[in-house]
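Dear colleague,

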Amino acid sequence: MPLPQTKRILIVTTIISSTVVAALFFLGWQLNEKANELETVVQSVANEMAISKYRESLQNTLASSQAERVEVSSYVVRGNEGTIALLSQIEELASKLGVELATDKLDVVTPKDAEFSNLNASISFRGSEKATITMIEALENLPFMGHIKQMTIIRTVDPVTKLPITSANVELTFSLADV
């Protein structure tokens, strides 16, 4: 029995409509998948751009702070050569000021979990009160990262010349970069 023309059109229309609806759902699902992929790629690109911008900012900061970093690093005693230079500078100061200088102790201590070691020095010097005080002030103002831990000053009289003599024993600590 042949289908009437209307039923045939209705069945064909239903099949075509169902196919179109299925195709639309499939395309919508594909579009959603591609949108998710695109969102991931956009986020990755944004992250890379942020990292690149941060890297550029860091490079600019490093370049602009070069002079300051060089100046700060000059305040740290660097290795054996730096230690020798520091001691030479102290001896030169003592010579200029006219005080007798002796290095009593010199050792390196590395605290646990520290980036720098400590250079501990104990020096003794004697001379006129003015020269001794000037030497102490010079030690306080040495251009290195350090400090005076302890200081003892004794005023006496030279038994031969009968002139006043000031003696000082100073314990110093400086930051020492192991080079």
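Helix H3 (residues 79–97) packs against helix H4 (residues 129–140) at an angle of about 155 degrees, and their axes lie 10 Å apart; here axes are lines fitted to C-alpha atoms, for helices over the stretch in contact, and angles run from 0 to 180 degrees between N-to-C directions. That angle makes H3 roughly antiparallel to H4, a label given to angles over 145 degrees, where those under 35 count as roughly parallel, 65 to 115 as roughly perpendicular and the rest as oblique. On the H3 side the contact involves Ile90, Leu93, Ala94 and Leu97, which meet Ala131, Thr134, Met135, Ala138 and Leu139 of H4, contact meaning heavy atoms within 4.5 Å. The residues of this contact divide into 8 nonpolar, 1 polar and no charged, with Ala, Val, Leu, Ile, Met, Phe, Trp, Tyr, Cys and Pro counted as nonpolar, Asp, Glu, Lys and Arg as charged, and the others, Gly among them, as polar.

Please keep in mind that this is a predicted model, in which local features need pLDDT of at least 70 and side-chain atom pairs count only at pLDDT 80 or more, while totals for chains, interfaces and linings use all residues. Residues are numbered from 1 along each chain as its sequence is written, and side-chain values use heavy atoms, with hydrogens and water left out.

As for aromatic pairs, a search of the whole structure finds 1. Phe26 and Trp29 form this pair, which is tilted, at 6.1 Å centre to centre and with 40 degrees between the planes; rings of Phe, Tyr and Trp (its six-membered ring) pair if their centres lie within 6.5 Å, and planes under 30 degrees apart count as stacked, over 60 as edge-to-face and the rest as tilted. Because Phe26 and Trp29 are 3 residues apart in helix H1 (residues 5–64), about one helical turn separates them. Phe26 is partly exposed, at 48% relative accessible area, and Trp29 is partly exposed at 47% (buried means under 20%, exposed over 50%, partly exposed in between, with a 1.4 Å probe and protein chains only).

Two loop residues also deserve a mention. Lys162, in the loop between strand S4 (146–157) and strand S5 (164–177), has a positive phi of about 65 degrees although it is not a glycine, and Lys162 counts as exposed at 59% relative accessibility. Glu115, in the loop between strand S2 (100–109) and strand S3 (117–127), is exposed at 76%, and its C-alpha atom is separated by 7.7 Å from that of Ala177, 62 residues apart along the chain. Helices (H or I, at least four residues) and strands (E, at least two) are DSSP runs, numbered from the N terminus.
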